[in-house]
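This report goes through a multi-chain model, from its cores to its sheets and chain contacts. Keep the sequence and the 3D view open while reading.

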Amino acid sequence: MTTLTDPPKEQFRLSMLLYDTRYRSATIQVIALIGFMLLAAWIISNTIQNLEGLGKPVEFGFFGEPASYDINQRLLEYTSRDSHLRAAFIGLLNTLVVAVLGCITATIVGVFVGVLRLSNNWLVARIMTVYVEMFRNVPVLLWIVLAMAILIESLPAPRAFRGEDATASMNFFDTVAVTNRGVYIPEFLFSRSLGDIHLFGTSSIRFDISLDLIAFLIVLGGSIFAMRKVSAWAAATQESTGDRPKIWHIQLGILFVPMIILLVALGFHLGYPELKGFNFKGGTHMRNSLIALWLALSLYTAAFIAEIVRAGILAISKGQTEAASALGLRPGRTMRLVILPQALRVIIPPMISNYLNLTKNSSLAIAVGYMDITGTLGGITMNQTGRELECVLLLMLVYLTISLSISAVMNWYNNRVKLVER
Amino acid sequence: MSDVSFVRTEMLPEQAPPASEVGIVGWIRHNLFSGWFNSILTVLSLYAIWYVLSGVLPWTFQSVWNANSLNECREIMIATWGSTHGHACWAVINDRWLQLLFGFYPSHLYWRPILALILLLVALAPVLYSDRVPTKMLIVTALYPFLMPFLMWGGTIWGPIAAALGFVVGWGVYTIVSKQLSGLFGIVLGIAASIIWWLVLSSYFVGALDSILPIGIEAVQSRQFGGFMLAILLGVVAIGVSLPIGIVLALGRQSDLLIVKYLCVGFIEFIRGVPLITLLFVASLLLNLFLPPGTNFDIILRVMIMMTLFSAAYMAEVIRGGLAALPRGQYEGADSLGLNYWQAQRLIIMPQALKISIPGIVSTFIGIFKDTTLVSIIGLFDVIGLASAIRADTAWNGIYWELFAFIAALFFVVCFSMSRYSMYLERKLQTGHR
Amino acid sequence: MKKSVILGAATIAGLAAGAAAAGTVDDVKARGKLNCGVSSGLAGFSLPDANGDWQGFDVAVCRAVAAAVLGDSNAVEFVPTTGKTRFTALASGEIDMLARNTTWTFSRDVDLKFEFAGVNYYDGQGFMVPKALGVSSAKELDGATVCIQTGTTTELNLADFFRANNISYEPVPIETNAEAQQQYLAGACDVYTTDASGLAATRATFENPGDHVLLPEIISKEPLGPLVRHGDNEWGDIVRWTLNALVSAEELGVTSANIDELSAGTDNPEVNRLLGTEGTLGEMLGLNADWAANAIKAGGNYGEVFAKNIGEETPIGLARGLNAQWTDGGLLYSPPFR
């Protein structure tokens, strides 16, 4: 038996920082951190020096001053006397509107095209391929500009609706006007409205919430809750007796009757657009710039989504479908219960990055004069105040926040549908 | 049991399949009209095709090619067809296509960007078609980063030579020091020596040699770059320079060193979280503020810097994907051979990871290449910027479809061929790994 | 070290990069080129032609300054700028002067720290409408859709005008003049508003210019002029007096045709002082004696530059109006060369 001896206690030497793998990683990290901090300090000190030289200290006071410009497409009320911060907020909402609309349409069109590309109809599959390749290989900026040009050139001006010999007419029984200034659709009006709640007083992010909308949502929520109760009862009955009671008419009733009662009580009616003076008045006006941007972004992104969907469907082996039908599942259920859950797992991650891209590409709105956050905060506000540093940094921060939030939500969803691996 | 009924002993001659199942008719039945739903789809598609083509084809081909202004175009149209609607005025392309391609690059020097483009293809050949092109061609690839700026910007030949010498100096210091002391010291000192050479010594070197032996070609200001050439240049520079940065970032993101990892993740997520246009705003408005007072870069160079940082973040993600796709056994195998981290990366991991990443790199390139059109928003004369300038010209005021169609066609041809190449490569790589 | 950083970067990229020191005029002379910021495409004012040569009224100012300082009207690098980038480019020293139809306003002069060297074009914001609308005054535009070019003072003037008159409107912000024209012609907006000069120039290129009218209201003052950085008075003086020299030359009857003859010496002492045959005006500016003569030779006097680029003989077709000499009832009034 050999006797165990303690290994000789090593003295710490400076060279061990480099040669000993235990310390080396710490050394590298410290060097990297110091290097990064030096770089940051260098940039900040340069910026301070430069700004002093220009006589433009960093300050955000200008945000409180009146913006002095008007914004046409806006969700909340805004006048040219409102502050720059309010204008930026209006722009942010516009960015979010086009991003959300774009993501929804891009997904629908993308899934549709992706499935049709696998169609056994030769012609349809080819047309979809042409569509995908055309949109993927031409810059999105060009598509946005083109979409705007097509809308402007091909649609009739409001003037064309006027007079005896009008060359254009409204669609859908005179309820929708499609013009080259945008689309006017009927708006929801309540003659016995409950009024609005004013939030945040007079600050820049003030907004009103319609009590009608809240009432509607409460009723809708209640109906859905009741519907779930009913279907739970039906399931329980099926478990105990073997017969599933017919409930679809009850469900429909629960969903629609309270809603209709509420709408009648509130005096719901539609406000139709009418040609008055230079423009259509009344109704909801979706500006051309919004439609062009929305169309171009969603068609462009849909081309990428179509490829993802196609790859996702192709990735599911045929055996899955066969096994499902061997179990006696109907095709619809096969799709819903077997194919889609698996395909989604492949589809979701690249889809997230496409949603992110769409949101970021919406910053090209300035090309068509849609007043998103780049157009207000990074556009007119920056031009008029000359505060480039503050505006650009704030702009980046806003986009970063949006992007990280989308990633976070999508990652959460992705983790939920992820396969639990053993 | 002898009354065996009739048993056929010879085969019946094969009958031809029904006429409706073969040939063109059969094909059409199977692929276009295999059910009521498919038939409707087919009819709808045919209508859509007819609708688009009936508008586009006459416009494209019943067109005016020779005119000096839009009004002249309109006069010719009215003289020929009686109306100005539905006819293209390609004369604007005929008049300005060189400008749309090269920007304001001096016309007697057009051979230089063309040569640079050809050399680019030659330099890429050993990488992209590694199985068909001799490896010796890699020399061109190695020289290209120095040759391309020389061709594009011109000036003295000593500039690119000095830049290349920086690498030689760094390598020399590394080999000497690593023999004497240690590898890590060698790397640090080698990099330091290169940086000192580039920042301090090379300017004297260039100045001295240029005064002794002034060899060079006509210098071209980067302000004169423009048009489609600018898009290609920005794309190639951004991707070329961001490749090494992306590798470092990807390795950093995967490493166990916590601080390094978070620095890399922070950079990548920041760049990927903001739109390119805000980075271009930084290039055009803020970059000068971040540098020492008095520094003044050319706007094209500033845009190149920001585009490089932008593509580096995306490149890092592509390469991270490549690294993740490598089987774990490769890492373990490298470890078991006793290779250290850098040796393992250089000899085992990177060659494979990069090879898998090439399709991803090509798609990143296509993306960056398309995104270069954004520089028109900050006032550079790329194709779209030039199109705006042409539209502002009194001669061509009011024209747009023709210019957009031309630009779209340019981008489509380049991007489509690249994406096809990338798909070919993906197929090739897939068979290699299964 | 800082200098060497720049040199190193310049060497690697093979680019010229210079440090903007206090004396712009010394920088310009050392560089041998004037970096002049111009609009990236505005017909008549600054526009590259098919050969990449810049033409226009603002461009002519740049050329005159280059001729005065360097003796060569082609020694100019034109830097295209947008509404967004123009001030940063000037402030950071990327350009030596900005001649991009920029309105002289208080905040640009005082807050953004620039110095306007004078006014080379007196403009004002106007409205253009199709004749068919039957509108005769901007006050009748209640509820109209108005196309505006963003990045300029026009959108502020417009908001103020409609607010002051308490009428509603719908603004359509548009990035470039060409796109605004496209939207206006297609009827996507009822009115197009921008500087009156721009409206006239745009109308001139229409298929049927007669179908459109300019409304009588001019809702703002837009004195457009070249500008330089605050605090470099020598350079500011050079730009200011080059502009004045062009204006004075017209007033004194000095043209590009007779300048050589007049340079030999005349009986008019002011002409002599202007052309450098008498006095030491050039020396006081730190330039050659014939600085003003060079500037005038570059493209002619103010009147010639006007006539050649935007005058009534050109497609732009602008009348002199406010931009006539004070002797003809205009606002051009150069201080004396003495």
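The largest nonpolar core has 281 residues. Those with the most contacts inside it are A:Ile144, A:Leu293, B:Leu280, B:Val303, C:Cys62 and C:Val65. A nonpolar core here is a set of buried Ala, Val, Leu, Ile, Met, Phe, Trp, Tyr and Cys residues joined through C-beta atoms within 7 Å. Buried means that 20 or more other C-beta atoms lie within 10 Å of the residue's own; exposed means 12 or fewer, partly exposed in between, with C-beta atoms placed from the backbone. Helix H8 (residues 288–315) of chain A gives the most to this core, with 16 residues. Apart from this core lies another, of ten residues, including B:Trp158, B:Ala162, B:Val173 and B:Ala193.

This is a predicted model: local features need pLDDT of at least 70, side-chain atom pairs count only at pLDDT 80 or more, and totals for chains, interfaces and linings use all residues. Residues are numbered from 1 along each chain as its sequence is written, while chains are lettered from A and ligands numbered from 1 in the order in which they are written.

Back to A:Leu293. Leaving out residues up to four places away in sequence, A:Leu293 touches A:Val98, A:Ile144, A:Ser362, A:Ala365, A:Val368 and A:Tyr370. Contact means C-beta atoms, placed from the backbone, within 7 Å.

Next, the sheets. Helices (H or I, at least four residues) and strands (E, at least two) are DSSP runs, numbered from the N terminus. Two strands pair if DSSP finds at least two bridges between them. Axes are lines fitted to C-alpha atoms, for helices over the stretch in contact, and angles run from 0 to 180 degrees between N-to-C directions.

In chain A, three strands form an open, antiparallel sheet in the order E1-E2-E9. Its edge strands are E1 (177–179) and E9 (284–287) of chain A. The twist averages 15° from one strand to the next. Three bridges join E1(A) to strand E2 (residues 182–185) of chain A. A:Ala177 has A:Tyr184 as its bridge partner in E2(A).

Chain C holds an open sheet of five strands, ordered E10-E9-E11-E8-E12, with mixed pairing. Strands E10 (169–174) and E12 (212–214) of chain C are its edges. Neighbouring strands are turned by 25° against each other on average, direction ignored. Strand E9 (residues 144–149) of chain C and E10(C) run parallel over six bridges. C:Thr145 stands opposite C:Glu170 in E10(C).

| H8(A) | E2 and E9 of chain A | about 55° with E9(A) |

Now the chain contacts. The contact between chains B and A takes 42 residues from chain B and 44 residues from chain A. On the chain B side, helices H2 (36–61), H10 (258–273), H11 (276–290) and H16 (401–432) each give two or more residues. That side divides into 32 nonpolar, nine polar and one charged. Ala, Val, Leu, Ile, Met, Phe, Trp, Tyr, Cys and Pro count as nonpolar, Asp, Glu, Lys and Arg as charged, and the others, Gly among them, as polar.

Chain C puts 41 residues in contact with 44 residues of chain B. H1(C) gives the most to the chain C side, with nine residues. By class, this side has 18 nonpolar, 19 polar and four charged residues.

Finally, chain B has a mostly covered helix, H15 (residues 383–392), with ten of its ten residues buried. B:Arg391 is one of them.

Key
Contact = placed C-beta atoms within 7 Å.
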